[in-house]
Amino acid sequence: MQDETLGVASVPSQWRGIQGIRGETKSCQTASIATAEASVQARKCADAQVQTEAPVPVATLPVSRHDSPRLAAFLRRVEATVIRELNKNWQSHAFDGFEVNWTEPQETVSCLHTLGYPPAQGQGLHVTSISWNAAGSVLACAYGRLDDGDWSTLKSYVCAWNLDRRNLNPWQPLAVMEVPSAVMCLAFHPTQPSHIAGGLYSGEVLVWDVSRPEDPLLWRTGLTDDTHTDPVYQVVWLPEARHSHRFQVLSVSTDGKVLLWQGIGAGQLRLTKGFALVVQQLPRSTKLKKPSRGETEVGATAVAFSSFDPSIFVLGTEGGFPLKCSLAAEEAALTRMPSSVPLRAPAQFTFSPHGGPVYSVSCSPFHRNLFLSAGTDGHVHLHSMLQAQPLASLQLSHKYLFAVRWSPVRPLVFAAASGEGDVQLFDLQKSSQKPTLCIAQTQDGSPVYCLEFNSQQTQLLAAGDAKGTVKVWQLSTAFTEQGLRETEDLDQLASEVAT
């Protein structure tokens, strides 16, 4: 048997052929569109003018006629009396210190703003320092801790608010700088409104620019042999001796050193001058307890510069005694602390001590010899630079006093922040023993750690507390308008003590 191959049969489709024959092409056209043009032309035109009548001249009032001879005779007759009274008024001090105030009088003290940063408050951080900028519109605060504990590794913040902005959010600062260590102190630049210096618990000093929120850090000391080994408790901007428009940062610390820093390139603060407080080199009038474990350095906790002599400053110390010091000191400090520049011994005079560490000092802006000190004994001492004993000792609190500040506009007014949660305002013209006004800052009595007057908007006083809150108080005109002979009363107070 074998396979058989057959051919392929195909049958064409008759349906496709029929459909192709029946195909048709059709089209559709709309009817033509009718159009028309029309125009309108004005046939008549006219111009019209209006003219006012000629103005009638205003009649000139006749000049009154005076009896010139009689007037001249009267002026000659009273001339001597008028000149005598003018000379008497020119020598009078009745209106000394008086300034015209065009604002409405403020009779009460009121809280204008309550500011805070929730992330910092959530960590239980305190407001350790506040500062107003050069324009008086921006307020900055430092977050840290002032109670017991090791806060060297605690993340902290520096926050700033512009109080002149209409859309001010009290819980959302204009600028927030995160800091790797607790911030103990702040100070705005005297002329650059956006530059601010801060001292850390770690001993570092930093400078920020709050106008650059993405990269605010300008300079820092870094951790070198020159850096403080203890917390920095205060920083101050000082003009350079030969270039008054350039500023340096001075820092004080409980490691016994007072250091002067200058910003250079590459974001670094370089040490230019240094001082060390050594027990053996303090004035002999100082009565100190025997240092423990062979310690010789005296810790500095606060600083204030004279408004009349930029080389003179007052230090508050852990030992409780204020020290009068000088930037011009040349004596070498007897210390083994490492430093890239020679350390000098600045102490010139020692004042009577408080019963505990001095937390704050403030030099009078109206008298070259007066300053205030406040400490853990709850007392404010009014001192004269000319004698060791204080002019007055005022007990303002049964707990610590953390800050004291002279008013920038009232020679006899100062404010103090207490550990009992209040801000006390003193007017020495009214009372030398009791506060004129006591403002409750915290409802639960939490301490008030810092306060600052606004030197530009003098009716404003800011205070920061242990609740992480900053309150801005508007003062009454009684605390902002200088009274008659107030400067003379301050001079009299200082002279009575000096004699």
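Strands, as I use the word here, are DSSP runs of E with at least two residues, and they are numbered from the N terminus.

**Basis.** I am working with a predicted model, in which local features need pLDDT of at least 70 and side-chain atom pairs count only at pLDDT 80 or more, while totals for chains, interfaces and linings use all residues. Residues are numbered from 1 along each chain as its sequence is written, and side-chain values use heavy atoms, with hydrogens and water left out.

**Asn-369.** I located Asn-369 in the loop between β19 (358–363) and β20 (370–375). Its relative accessibility is 19%, so I recorded Asn-369 as buried (buried means under 20% relative accessible area, with a 1.4 Å probe and protein chains only). Leaving aside residues up to four places away in sequence, Asn-369 touches His-383, Ser-384, Met-385 and Leu-386; contact means heavy atoms within 4.5 Å.

**Asn-162.** I found Asn-162 in strand β4 (residues 156–162). Asn-162 counts as buried because its relative accessibility is 17%. A polar atom of its side chain lies 3.0 Å from the backbone nitrogen of Asp-164. With residues up to four places away in sequence not counted, Asn-162 touches Ser-137, Val-138, Leu-168 and Leu-174.

**Strands β6 and β7.** Why is strand β6 (residues 183–188) described as largely enclosed by the rest of the structure? I noted that 6 of the 6 residues of β6 are buried, which accounts for the description. Strand β7 (residues 195–200) runs antiparallel to β6, and 5 bridges join them; two strands pair if DSSP finds at least two bridges between them. I traced Cys-185 to its bridge partner in β7, Gly-199. A hairpin of 6 residues connects β6 to β7.

Terms used
Buried means under 20% relative accessible area, exposed over 50%, partly exposed in between (1.4 Å probe, protein chains only). Helices (H or I, at least four residues) and strands (E, at least two) are DSSP runs, numbered from the N terminus. A polar contact is a pair of N or O atoms within 3.5 Å; within protein, one must be able to donate a hydrogen and the other to accept it, and residues adjacent in sequence count only if both atoms are side-chain atoms.
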